[in-house]
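This report walks through one protein model, from its overall make-up to a few selected residues. Please keep the sequence and the structure in view while reading.

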Amino acid sequence: MRLPGLLLALLAGAAGAAPAPSEPPNKKDLAYRFFEAAERCYAKRDLACALEQTRKALITDRDMLLAEVLLGKVLLEGGNAAGAEAAVERALSHGVAMEDLADTLCRAQLLLGKHSQLLADARLNPSRLRGKVRTQVLLARAQAQAELGQPQAALAELTQLRADEPDHVAALLAEAPLRLKLGQPREAEAAVARALRLAPDDAEARLAQAQLLQAQGAPAPARLAALQAVLAVDPKHLEARLLQAQLWLQQDAWGELRAALPKLAADHGNDPRVAYLQALEAGQRGDRNAMVAALRRVTAQIDPQPDAQLRLKPSMLLLAGMAHFALGESEPARSYLERYRSSQGGSVGAQLLAQLYLSQRQTAAGIAALEASLAQHPGQVQTLEMLGQARLAAGQADQAVALMREALRSQESPGFYATLGQALKRQGQPQAAIQAFQAALKQDPQRTDAALGLAQALAESGGPTGAQRASAVLAEQLKRQPRQAAVRLQLARHLLDAGQAAAVPPLVEEGLRLDPDLHAARLVLAEAERRLGRTDAALARLGAMVKADQLPVDACLALSALEEARDRPADAQAWLERALAKAGPQELRPQAAMVEFLLRQRRPGEARGAARSLLAAAPDHVGALMLSARAALASGDAAGARAPLVQAGRLADGDILTLVAVGRLQMAAGDAAAARMSFDKALQLQPAQPALQRLGVEAALLAGDAAEAEARARRLLEQQPKSGLGYSLLGQAALARRQTAAAIDAFTQAQRLAPSTENLLRLYAAQVGQVAPARNLALLEQWLAQRPDDSLVRNTLAESLVAQGRWADARRHYERLLQQTGANAVRNNLAEVLLQMKDPGALPMALEALRREPGNPSIIDTAGWAHAAQGQHEKALPLLREARLRQPGSGVIRYHLGSVLAALGRRDEARQELTAALADPQAVFDRPAAQALLDKLAAAR
């Protein structure tokens, strides 16, 4: 499958000579055989065998998504819900369709207590699903709603299911307890009765009957008889046996309980309720050692469970609290028994509580605590200053500015000025920020945060003068406070940025003599060594820090950056993973660094998974929201990027740099309305900024408002009559209004005033269909004659030649482009051209592309189709199956897969794939051939 020109543009500039083509590794075939063996084992319900064979497949080929999908099912059946969820997310991140994974994901999340996540997951929206998958998801959603204490919402889910399948037994059984909670006993009885009529020998239907009798207060003998009816069908049924034990305890029937416990423990020894029954029985016998051992089993089984999971199991909280209490462990007992007690009532300790929240990046909670304190004690200086800092931490620079200015009207405070300076700097008002920091230092020369802020603002003002003034401020501050580590380190970093690395070691070593525990200085010293070319010394210093547990997270991150700079991505990732392992639960930097690293390595699926973890840890963090959006966009999910960007835009209100970054991402996500809002907010802060005016025009165009785009472009031209940018924007607006001639004139003028690749390509695109193809191609060829290294223009020329079927000419330009950029996308497209030319070199070219990007579905498809072109259908099949799994919506891939399946005699599967391929109106492939093959297969039935 061909890769789009935009991707080539992004990849342009990638370097590296291609190694000699090689034959496909045997590991792919071996992995596929392991997978087929795993499928056979799973069909026989031999989970141990299935798990072993699936893991062998993944060890042999870690990118085999067929095995990843099966692994999720096997792990879930074996009780490893976390592992199953991880396997599902890995498969989803690589593009596997939700229909293949929904049931596994839902059941895993329920077991993990991720009920809210399940309900909020747009991928599991029932309106997007059909058939059995929809039924499974609706049942899971009903269970989640019920366990969240929302019976009406749960019934609504079941109503949808019953509309599809009125006699669905599981839905009827799920309905009964909900009706009881809502005080509708007759409806509950009717649901259970109907389930029993439909499935009289179903153990769950019989259990529902027993639970109904219990809810109705039926006599103990009737309830015991109903439970016996359950056990007659399923002797090991846990819930029935626990209800039975509960009845025996109510009746002081210790003999019956004692007789049943050994078998119950043998069958369900890992359930803490069984262990608690054993503790009660041992206590009744007076065997304290056995009782303590059983209670320890209870706590050992509950304590490791995630809080999100336990919140949905109040009985488990109670059970653990009682077990810890009985063991004399008051602190954990109180933690469990008072889990939901309020910890922030009134204003007592509000500042300390807010500090705790802010240190854990729970900014919303910190702001709420501080505002509650101020409501009772207005005008508290420290609380106001902390609230300003909290607003900044939440990305709310404009609120921080307003708060500090209001506070300064009441009283002077260097802290207010320092916080105001930080907020103004975030708003993109550097001169006003400098004045605020100077006012803070005038009132309190020892104010370190003001000195640091002033130095940073001066450095960012640009030019050598700003850097010199920044260094002077820090040097003066260091004279006042020689032991102030933050000032010393900031001065060292300024020297590094100024290219004065040789001046850093003496400065930093002096800081270490004053304070041997100043481990951050060692990080700066390692960076200075790296810049001085002493890489081995930097590696040794950072490695020693990790070994000595001195800022190990920071040292691991620095080691990762160093290894990535040395083009050793595997080592870089290993250090990031060590940083994650060493980080605390509230430490976001390693997670953010991992997302950035994976994006730089062009591994968007993995980046998205890392971004989800980051966002789960910090749902209101602007940076986390933007990283989540970037990962979604890199994965091709524009819709998934929009919600986090809207939230980021709200939080960044008043922060011009962040607003621009958010707006750019919103444009990439196709959310024109939100992008316009972000850019307009930024323009209100800096109305005359040309770059912002350009973004405003482009956002208007994306929103389909060509008139507004044209008006903005003309305003820019009025301000700058010879602006190539203004004419370019005017041309874009004209194109949007279908005024092609005017657009060509504007782009021609833009190219005359400001010759550039961008203007040239816009002019070329506007002239397609308006001038003779040869003349238009000549425009690109003339540019390349003067600028032969312009890979974007050469790629556009190659794409245009492909569209005209000029394969030999396209081949020549792709070969030159591959030499220039080494981009794997070019390699894949060259293989596609060679396939069209029936050149046997297509296969080795495609296999080399696959070796470099084994997870790219387009490249996997090209390699599979190249095998098929040489009659190697057995080798083509696993590749095309993998490509289809990664990109199920591609008609091209499904056509290729259907053709190979037909060649192998697998007619039913071939018909299914060919039908799906032909249903894709956008897919470009040999449709007449596909239809003829489908007709032939249908006639042979």
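How many helices and how many strands are there in the protein? There are 55 helices and 0 strands, where helices (H or I, at least four residues) and strands (E, at least two) are DSSP runs numbered from the N terminus. This is a predicted model, in which local features need pLDDT of at least 70 and side-chain atom pairs count only at pLDDT 80 or more, whereas totals for chains, interfaces and linings use all residues. Residues are numbered from 1 along each chain as its sequence is written, and side-chain values use heavy atoms, with hydrogens and water left out.

**Confidence and overall make-up**

The mean pLDDT (the predictor's confidence in each residue, from 0 to 100) is 82 for the protein, and 89% of its residues reach 70 or more. Confidence is lowest in helix H1 (residues 5–11), with a mean of 31, and highest in H51, with a mean of 93. Over residues 3–24 the pLDDT stays under 50, and the model has 42 contacts beyond four places in sequence for this stretch, a contact being heavy atoms within 4.5 Å. Residues 340–350 also have pLDDT below 50, and that stretch has 14 contacts in the model beyond near neighbours in sequence.

Of the 941 residues in the protein, 48% are buried; buried means under 20% relative accessible area, exposed over 50%, and partly exposed in between (1.4 Å probe, protein chains only). Among contacts between residues at least 6 apart in sequence, 51% join residues at least 24 apart.

**Helix H8 and glutamine 145**

Helix H8 (residues 131–147) contains glutamine 145. H8 has 17 residues and reaches 25 Å from its first C-alpha to its last, close to the 24 Å expected at 1.5 Å a residue, the expected span being 1.5 Å times one less than the number of residues. Its buried residues include Val133, Arg134, Leu138, Arg141 and Gln145, and what covers the buried residues of H8 includes helices H6 (102–112), H7 (115–120), H9 (151–164) and H10 (169–181). Setting aside residues up to four places away in sequence, glutamine 145 touches Leu119, Gln150, Ala153, Ala154 and Glu157. After H8 comes glycine 149, whose phi is positive, near 80°.

**Helix H51 and tryptophan 865**

Tryptophan 865 lies in helix H51 (residues 857–869). Beyond residues up to four places away in sequence, tryptophan 865 touches Leu835, Leu880, Tyr895, His896, Ser899 and Val900. Its side chain makes a polar contact with the side chain of histidine 896 (3.5 Å); such a contact is a pair of N or O atoms within 3.5 Å, and within protein one must be able to donate a hydrogen and the other to accept it, while residues adjacent in sequence count only if both atoms are side-chain atoms. The C-alpha atoms of tryptophan 865 and alanine 846, which are 19 residues apart along the chain, are separated by 9.2 Å.

**Cysteines and selected accessibilities**

A search of the whole structure finds 1 disulfide, a disulfide being a pair of cysteine sulfur atoms within 2.5 Å. The bond joins cysteine 41 to cysteine 49 (S to S 1.9 Å), and both of these cysteines are buried. Relative accessible areas for other selected residues follow.

| Residue | Relative accessible area | Class |
|---|---|---|
| Glutamine 145 | 8% | buried |
| Tryptophan 865 | 23% | partly exposed |
| Cysteine 106 | 1% | buried |
| Cysteine 556 | 0% | buried |
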